[in-house]
Amino acid sequence: MGKPTGFMDYKREVSKAAQPKDRIKDFNEFHEHLPQEKQQMQGARCMECGVPFCQAGMNICGMTSGCPLHNLVPEWNDLVYTGNWKQAYNRLKKTNSFPEFTSRVCPALCEAACTCGLNGEPVATKENEYAIIENAYAEGYAAAKPPKVRTGKRVAVVGSGPAGLAVADQLNKRGHSVTVYERSDRIGGLLMYGIPNMKLEKKIVERKVKIMEEEGVIFLTGTDVGKDVKAEALLKEYHKVVLACGASNPRDIQAAGRDAKGIYFAVDFLKANTKSLLDSRLEDGKYVNARDKNVVIIGGGDTGNDCVGTVIRHGCKSVTQIEMMPKAPDTRAENNPWPEWPKVCKTDYGQEEAIAVFGHDPRIYESTVKEFVKDKNGSLKAVKTVKLAWEKEEATGRMVRKEVEGSEQTLPAEIVLIAAGFLGTQKYVSDAFKVELDGRTNVKTAAGAYETTAKNVFVAGDMHRGQSLVVWAIREGREAARAVDESLMGYSNLMVQ
């Protein structure tokens, strides 16, 4: 695929990010993408590798290697190289419902498994995907295409995150009538309120939702199924119901002083910030403002990094990110060979901005919170941390963490944001539909299936598999849609991969 010698003729080139001190002045996306001619050269770098690990999406040592959607990566890289942009779009849309989202927020598992990356730099597949979808919008290829025939079957989708939208998109294309219920005031779920604007501008989400509406999908916002609408009413009105409500229970931190004022879950912090930004450009004050505050963020993942970038844009006084795990190596370790996912240290946009503003990386590794210190009014004033050491337990052979005696330190903090992940399904939803949960509080199904223990009720996304990536949510949504279609029609012609 591509030019046979392209990976040797052309160097990897990707979009340029604005300088950290420039981009923190607003909440806009901050990359300048390549012109089409240069992007075509990047398509040329896709080599005839024989075995395209990039599209494998297989599990290696407990980690995903390659794209979970099994995108036809070599095919559309070649089409980019030859300038066949419409055909590239058609190939991309065969497997990916929402390339406008994944080309912005996916960690590019395809690139980590690229054969070019074994001895050099991988093909810029994520950038090629961005170029394909944005060109499609510009040229009109991505316009609404309503189904020509309706089946008469009605499906309700509860939740409008990436999994719910993928279910709705696929089932609507099949000709079923789909209504999506969303408890928030805007459609998009995680895409709208869980991911900050600078990673995914909300006009991009709204653009796709508008197209889906033109294709016939009905969206109902401000409707909390299980509270505002009874489960029995949905099951009576629709032939099938798909639950795609996400893993919505934030993991808490239990330490002395947890009741101090000034401690927030990251998801609540980010949602309030984005909602205020969209409603009033932050003028309504209905968000937690970190301006001139010392901020401590608990959690080293993507959500923690998003919080770092957000509080810096507020103008915080300082920011510290606490992570329990040791710092990952800067390059692949010998026991982490290609094409495994590279377990290396990643300095993301928020951390880059913290380094530019404060002169140092905000992360503290192998540490945890020992106490939240309150002032006389019960407000947070500091956080006591302690270093952790990992030791092997003789009885079980497992690695366990222990506090390092005498390693305590106190960090000034008026705001703490807990970004420690999520745990399973919200109980009022699972109770309303009488679905069984598994040991991790995710909705229970047979292995590889999407139908729950309740009749006519299916599940998809994080509510089914636990907290995961947007690309996995889309994969789950597409597979669940096929399962629903088979249940309704006795067969399915929906493409999953």
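Two residues count as being in contact here when heavy atoms lie within 4.5 Å. Keep in mind that this is a predicted model.

**Around G226**

With that cut-off, and skipping its neighbours within four places in sequence, G226 touches Y428 and A432. The residue itself is found in the loop that runs between β7 (218-220) and α12 (231-237). Is G226 buried, exposed or something in between? Its relative accessible area is 21%, and buried means under 20% while exposed means over 50%, so G226 is partly exposed.

**The nonpolar core**

Now for the hydrophobic part. The largest nonpolar core has 43 residues, and F101, L165, L171, L191, L200, F219 and V242 have the most contacts inside it. Several elements each supply at least two residues of this core, among them α6 (99-105), β5 (154-158), α9 (162-174) and α11 (202-214). Which helix gives the most to the core? That's α18, with eight residues. In general, nonpolar side chains tend to be buried together in soluble globular proteins.

L165 makes a handy entry point if you want to browse. Leaving aside neighbours within four places in sequence, L165 is in contact with F98, F101, S160, I187, L191, M212 and F219.

**Strands and sheets**

Five strands make up an open sheet with parallel pairing, ordered β9-β17-β10-β11-β12. At the edges sit β9 (263-265) and β12 (363-364), each of which pairs on one side only. Helix α13 (residues 266-280) lies across β9 and β17, and runs at about 80° to β9.

Away from that listing, β14 and β15 form a hairpin with six residues between them. In its turn, G397 has a positive phi of about 80°.

| Strands | Direction | Bridges |
|---|---|---|
| β14 (residues 380-392) and β15 (residues 399-403) | antiparallel | five bridges |
| β9 and β17 (residues 415-418) | parallel | three bridges |

For specific bridge partners, W390 goes with R401 in β15, while F265 goes with I418 in β17. As a general point, strands of a sheet pair through backbone hydrogen bonds, either parallel or antiparallel.

Terms used:
Residues numbered from 1 in each chain as written. Predicted model: local features only at pLDDT ≥ 70, side-chain atom pairs only at ≥ 80, totals over all residues. Heavy atoms only, no water. Helix = DSSP H or I, 4+ residues; strand = E, 2+ residues; numbered from the N terminus. Buried < 20%, exposed > 50% of the residue type's maximum accessible area, 1.4 Å probe, protein only. Pairing = 2+ DSSP bridges. Core = buried A, V, L, I, M, F, W, Y, C linked by side-chain atoms within 4.5 Å. Axes fitted to C-alpha atoms, helices over the stretch in contact; angles between N-to-C directions.
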